[in-house]
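Biologist: I am new to this structure. Please show me how to read its features one at a time.

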Amino acid sequence: MTEHKLLTDEELMFRFQEGDEASYNELVKRYKDKLLNHIFYYMKERESAEDIVQDAFIRVYLNKDKYKEIAKVSTWIYTIAINLAKTALAKASKMNKFSITGKDGENDFEIKDKKTSTDKSVIKNELNDVIMSSIDKLEDKFREIVRLRDIDEMSYEEIAALLNIPTGTVKSRLNRARLNLRDNLHEYVKK
Amino acid sequence: MEKCNKIEQMVIDGTMEIDLVSENDPEIEKHLSECVSCREFVSDLKKVSRTLRSAEKLSVSEQFDHELKMKLDAVKEEKIQKTPVPLFNKFMYYASGVAAIVIAFIYVTSTGILENSNGQGPSVISPVTIASVDQADAKEKNITDSLESLKNNVADDEDMRLNVVAEEQ
């Protein structure tokens, strides 16, 4: 397994295609948290986000032979997960049309997790909420890029491949998004 | 004093990476060292980026790996069940079926079950068939008798003709 840690995603994928399941496990290890963070922003619910991530890894397992080295593994895995999340949201949106209770009322009876009680973590939770709501206020084309770059820490090239846009456009949109966020996060940015 | 937006314009156009701004060309670095507003602008955007990156990251739950393994096992099991039979095995499967039918046919025909007394193919034994066979036998007997009596009559006629011929001579 130590040996697998030294391999690139593409090398791991190639080994997995040859039948090495340990390579698949290493890919799962590398991407499970990253994908969860990204998909969480779509689903807004941890449990369904985890389900989507698991389903994405199952798709990777089943379709390993369809992966071609023309794209980066990260781009391929993210595309699978994002498509699954969008499909799930579209289904949920259809279901909600027939639901008696509205989406706003769904979490009314939820007890907030207060595991972290120190002042520092309270501030951190507050900051997370502000960051999330500020990102949510952005236009779609800016929101996605900020998440991918600043939350998921993907490279410009990976984002460009994933969104199928030029790298220059990625940089331009990212900076515009950051300019918008500067105003919303003003109080926290200056700290 | 008018605010300088040289860097801001480059950033918005996407011709500059704010994360790597200090590593860009020396001309930019020189401008930043002289222009307060551009320096503040770059500093603000870097802070935004840092703030976003400082957001608490989620980690998958403890059950994640176990649940994924369970789902994978279920999928693998399903895949095995759906795996098509290889061509050779499929051929063997059908060939053995055909061989069984041929052996059964040979056995049945060798016992003569399928042939009736005139050897004219299969028949089914039932009360109606037995009655038909009896009727056919009776009919055949009648025909034989008729032929016998006709034969006798012809012989008698020949005798009579010979007697007539002898008397005339």
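Modeller: Start with the elements: helices and strands are DSSP runs, numbered from the N terminus. On that basis the elements of chain A run α-α-α-α-α-α-α-α-α-α. Keep in mind that this is a predicted model.

Biologist: How many helices and strands are there in chain A, and how many in chain B?

Modeller: Chain A has 10 helices and 0 strands. Chain B has 6 helices and 0 strands, in the order α-α-α-α-α-α along the sequence.

Biologist: What share of the residues is buried in chain A and in chain B?

Modeller: Buried means under 20% relative accessible area. In chain A, 45% of the 191 residues count as buried; in chain B, 17% of the 169 residues do. The accessible surface is about 11,100 Å² for chain A, with 51% supplied by carbon and sulfur atoms. For chain B the surface comes to about 13,300 Å², and 60% belongs to carbon and sulfur atoms.

Biologist: What part of the contacts with a separation of 6 or more comes from residues 24 or more positions apart in chain A, and in chain B?

Modeller: Such residues account for 60% of those contacts in chain A and for 49% in chain B.

Biologist: Where is the kink in helix 3 of chain A centred?

Modeller: A bend is read as the angle between two axes, one fitted to the residues ending at a position and one to those starting there. In helix 3 of chain A (residues 21–43), the kink is about 40° and is centred on A:Tyr31. After the helix comes A:Lys44, which has a positive phi near 60°.

Biologist: Why does A:Arg149 count as buried?

Modeller: A:Arg149 counts as buried because its relative accessibility is 13%, and the cut-off is under 20%. This residue sits in helix 7 (residues 140–151) of chain A. Its side chain reaches the backbone oxygen of A:Met154 at 3.0 Å. Leaving out residues up to four places away in sequence, A:Arg149 touches several others, including A:Tyr156, A:Leu174, B:Asp19 and B:Arg53.

Biologist: Which residues make the nonpolar surface patch of about 390 Å²?

Modeller: Residues in a patch have over 30% relative accessible area. Here the patch is made by B:Val98, B:Val102, B:Phe105 and B:Ile106. Of these, B:Val98 is found in helix 5 (residues 87–111) of chain B.

How values were computed. Residues numbered from 1 in each chain as written. Chains lettered and ligands numbered in written order. Predicted model: local features only at pLDDT ≥ 70, side-chain atom pairs only at ≥ 80, totals over all residues. Heavy atoms only, no water. Patch = residues over 30% accessible without salt bridge, like charges linked within 9 Å, V, L, I, M, F, W, Y side chains within 5 Å. Areas by Shrake-Rupley, 256 points an atom, 1.4 Å probe, with all protein chains shown as cover. Salt bridge = Lys/Arg side-chain N within 4 Å of Asp/Glu carboxyl O. Helix = DSSP H or I, 4+ residues; strand = E, 2+ residues; numbered from the N terminus. Buried < 20%, exposed > 50% of the residue type's maximum accessible area, 1.4 Å probe, protein only. Contact = heavy atoms within 4.5 Å. Bend = angle between axes of the 7 residues up to and from the residue. Polar contact = N/O pair within 3.5 Å; in protein donor to acceptor, adjacent residues only side chain to side chain.
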